[in-house]
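Student: Could you take me through one part of this fold up close? I'd like a single connected account.

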Amino acid sequence: MNFRLQPVQVGTGSADAESQLVFVDGFLVAVLVRLSDEHEEEAGLWFLEAGFGRVDHSDPPKFADLDEAQAWIADRLS
């Protein structure tokens, strides 16, 4: 699997704007948003704002870092 991350700013309506588009083999599979200080103990975690296809999830997870998020996405796609 070939991952490519593209940093973007997402208009979430909150302070959570730092984001990454996640492409796998050229396909957009997810949008990850870094949680702001508004989230207190979860600040800095990455949240699955949107997942597409097999990466879609009814209870979107949070990840400690982008490596953990990519591993989770790879598992969903394999």
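Tutor: Let's start with Val24, which is found in strand β2, residues 18-24; strands here are DSSP E runs of at least two residues, numbered from the N terminus. Bear in mind that this is a predicted model, where local features need pLDDT of at least 70, side-chain atom pairs count only at pLDDT 80 or more, and totals for chains, interfaces and linings use all residues. Residues are numbered from 1 along each chain as its sequence is written, and side-chain values use heavy atoms, with hydrogens and water left out.

Val24 counts as buried because its relative accessibility is 5%, buried meaning under 20% relative accessible area with a 1.4 Å probe and protein chains only. Setting aside neighbours within four places in sequence, Val24 is in contact with Met1, Asn2, Phe3, Val29, Ile73 and Leu77 (contact means heavy atoms within 4.5 Å). Leu35 is another story: eleven residues along the chain from Val24, with 23 Å between the two C-alpha atoms.

Now for Ser19, which also has its place in strand β2. Ser19 counts as buried too, because its relative accessibility is 1%. A polar atom of the Ser19 side chain lies 2.9 Å from the backbone oxygen of Ala17. Leaving out neighbours within four places in sequence, Ser19 has contacts with Gln6, Pro7, Val8, Val10, Leu32, Val33 and Trp46.

How values were computed:
Helices (H or I, at least four residues) and strands (E, at least two) are DSSP runs, numbered from the N terminus. Buried means under 20% relative accessible area, exposed over 50%, partly exposed in between (1.4 Å probe, protein chains only). A polar contact is a pair of N or O atoms within 3.5 Å; within protein, one must be able to donate a hydrogen and the other to accept it, and residues adjacent in sequence count only if both atoms are side-chain atoms.
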